[in-house]
Amino acid sequence: MIAIDILGLEKTYSVGFWRKKPKCALRPLHLRVEEGEIFGFLGPNGAGKTTTLKMLMGLVYPTAGSALILGMEINDPRMKAQIGFLPEQPYFYDYLTAGELLDYYGQLSGVAPKERSRKVREVLERVGLADVIRVQLRKFSKGMLQRVGIAQAILHDPRIVFLDEPMSGLDPMGRREVRDLMEQLKHEGKTVFFSTHILSDAEALCDRVAIIHLGELQSVGAVVDLTSSIEGKIELVWHGSKVPAAMNGLGADCHVTGDTVRAVLLEGNQEAALEALRREQLRIVSLIPARTSLEEYFVRKLQPSKAAAGVTK
Amino acid sequence: MNGRVVHIASNTFREAVRDRVLYNLIAFALLMSGAAILVGQISIGIERLVVIHLGLTAVSLFGVVIAIFIGIGLVSKEIDKRTLYTVLSRPVQRWEFIVGKFFGLAGTLVVNTFFMALGVFAALLYVSQHFHAADGWVLVALYFIILQFLIITAVALLFSSFSSPLLSAVFAFALFVIGTFAEDLRGFAGMTHGLTRWLATGAAYLVPNFSALNVISSVAHEQPVPGHLILSNTAYALVYASMALCGAVLIFEHRNLK
Amino acid sequence: MKPSSRITITASILLVSCLAGSVLLLRSIDRQRTGATLEEVLYISSPKLLKHLSLGYDGLLADIYWTRAVQYFGDHLDKGAEHYDLLGPLLEITTTLDPHLLVAYEYGTNFLAANGGQPRRAIELSEFGIRNNPNEWHLYYGLGFVYCMNLKDYAKASESFLRGSKVPDAHPFLKVLAAQMAERGGDIQTARLLWTTTFQTTKDRDIRGNAVAHLRALQVDEDVPILERLVAQYRDKTGHLPQSFSDLEAANLMRGTPVDPAGHTYKLLPDGRVEVRVPDELPFIQKGTPPGYVAPIPKFKPID
């Protein structure tokens, strides 16, 4: 079954005092997400990811086009009962406690009264907030709020979960936990649609990704397919300040700092480089991937439009 | 009654209470006790008059201020802080949100007024030593004040659905003042001619008519309020509030949330 | 993925019907409450208290009360009311809030004294106005008017006109009036002079209308005795009473048919008396009415 079917969704804003200047936030987007997959919606800041999500949630009305979620219209309450949404940098009613907030959301999502308190406790445990169930949200840190956000998105056992930048504000531990959670959701048969500009997460989690930039879809496909054509780069560090002549021939980018040299070169030239260093008897400090293949793909794809600025490791 | 509307209403009520709005009751209680004691000691022969005038005017003003200050933020605050996103992504329709907010605030005001009414009657008892039959009309005056609150709340909610809190407060307050003199505005309109007359009459009928709902003076002078007036006023308040709510629903339905 | 059209249509229909409903209900409420506002409004005990309560916005409040006073008066005039009980308090409140609202004093002297039957009150109001606006000759004029026309106190009237004449830019007539009071206070000429002056020096439509009505009445009061004297002359000459005015014409005693200010010809009765054809159209007349005629409450139309 097609979980999300986006048919030419488009959004243009009219800005300026007399509403004369149109600003295109999203060009006609065609996209399909299958049920049960983890789908990454990637792009630099301002690419149109959040706009797309807002339109799917019915918060913003598209200029043209439409979308179907689980085969139903966007404002269909039956559909909304089966989806969960975590907005970017969420903010909740700070006068409520975590338990009360989730109970309120449970009420609005139509969770049966008998089950609500159980489900609230369960989901809070799942996101690691079981012991703050009675604490007011105004006392929560950013990371805690993010977890509450995830909790409210999965409380009512939705079939699809939409996450906008789910890792933002989390420390590495937190990010790891969220990644694990997303894997679990997939194992439960749910569909996860999440947007991010952190490519390493996407590479680790996603079955398929879509890359969007300046409101336009650049490519869609399985990570493996997209990166198969891309060779990764490696970073090689050795002691000393000597750069073997062979390095230049291998197209290596070398920097000398103090008594170490750092060189970045294509993965394929790895063996030749190591051989050159051995011949010179230089001591190798480290050999690591300089960029993930997806990042490489991303940068190359978006290079003409100076996309690098929005990309992070 | 629509379950989601009820849930939104009770959450709105909870928010108001936790926002410590009910603390205004303390100020009110102090005011009433002070006035009652002062008046009781001076004994100027019109104690009852003063207590009712002061008490009911205070109930009205306190309530209007609360209605405006909370009402203007009901929608705009949720949009600004984006707490609305996680609500509307659930099977909640936009109109249910508006209506729920309305009942939440209206309920808060009713509860607030109830406690204030106790205060007024307590003060009345203090200065008159016992209740008169005519004191029953004070209840009618309080009922009319609650009807005023319904109108003001709906109007504040309407402004909140499209305007910033500051502007909404100004508009709502202005409408309250003009509405108090609505009858004069209609008289005024009757004395003009031509296009001015049309515009003035239109404005005069569009503005909420608070003068009819203000029976504080007659009640203070122990005058009865005719039954048909109570009915007409009730109908008017309900119809006007519904009108403002419809406007809010329409605007909110068509809004792109930032 | 558009705003729900079902909601839009439902809410729009509901909004329009509520709008219609609110207008209808408002009209119904107005009908139930006519006059209630004023009574209520005056319950704010004293004008001084009201001034304090107005928090400095007394000018605006004065305007509002003035509007109510004019409406009240207009309402009562239409209905032909006998008393204008609330006019006094309304004017009092208006002038307390804004002592410089001159037209309020004019109203007081013109309507409180005559139609309202409260000359004393009108005098108090005028004196209050004079205290607050000593250089407005209008106010002295009004005061003198009341003394002359309503209280027949020609000495006081003369004194008021004299006071007024001393004010810079005073209407030159005030000196004349002062003198005339002393000699011929009760004359029709004096009355005519006063009403004409009133008519010429005011901008208020109600007051002008009132003045015109009085002038017409004076005309009748003058015409009727003259006509009756002519009839008597005819009788002396011919020994019998004339049948109609043409008889008088034939006897060279008058020319043309006499017409009253309302536009109807005077009636000549068999017993020699002259009457006005439609007395109801000429309020304030004292002559030319049939015996036993009870004048209805005087009504007049405001004139620009």
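Chain C is worth a look to begin with: a compact globule of 304 residues would have a radius of gyration near 19 Å, but chain C comes out at 26 Å. That value, like everything that follows, belongs to a predicted model. Laid along its principal axes, the C-alpha trace of chain C stretches over about 105 × 50 × 35 Å. As for what chain C is built from, the tally is 13 helices and two strands. Buried residues account for 34% of the 304 residues in chain C. Turning to contacts in chain C between residues at least 6 apart in sequence, 53% of them link residues at least 24 apart.

Chain B comes next. The C-alpha trace of chain B spans about 60 × 55 × 30 Å along its principal axes. Of its 258 residues, 52% count as buried. Within chain B, 85% of the contacts with a separation of 6 or more come from residues 24 or more positions apart.

Chains C and A also touch each other. Chain C puts four residues into this contact, while chain A supplies six residues. Sorted by class, the chain C side of the contact with chain A holds two nonpolar residues, one polar residue and one charged residue.

Finally, two glutamines in chain A have a backbone angle that deserves a mention. Most residues other than glycine have a negative phi. A:Q89, however, has a phi near 40°, which is positive even though the residue is not a glycine. This glutamine, A:Q89, sits in the loop that runs between β5 (83-86) and α3 (98-109) of chain A. With 13 other C-beta atoms within 10 Å, A:Q89 is partly exposed. The other case is A:Q281, again not a glycine, where phi is positive at about 60°. Here the loop is the one between α10 (270-280) and β13 (284-291) of chain A. A:Q281 has 8 other C-beta atoms within 10 Å, and it counts as exposed because the cut-off for that label is 12 or fewer.

Conventions:
Residues are numbered from 1 along each chain as its sequence is written. Chains are lettered from A and ligands numbered from 1 in the order in which they are written. This is a predicted model: local features need pLDDT of at least 70, side-chain atom pairs count only at pLDDT 80 or more; totals for chains, interfaces and linings use all residues. Two residues are in contact if their C-beta atoms, placed from the backbone, lie within 7 Å. Ala, Val, Leu, Ile, Met, Phe, Trp, Tyr, Cys and Pro count as nonpolar, Asp, Glu, Lys and Arg as charged, and the others, Gly among them, as polar. A residue is buried if 20 or more other C-beta atoms lie within 10 Å of its own, exposed if 12 or fewer, and partly exposed in between; C-beta atoms are placed from the backbone. Helices (H or I, at least four residues) and strands (E, at least two) are DSSP runs, numbered from the N terminus. The radius of gyration is taken over C-alpha atoms; the globule rule is 2.2 Å times the number of residues to the power 0.38.
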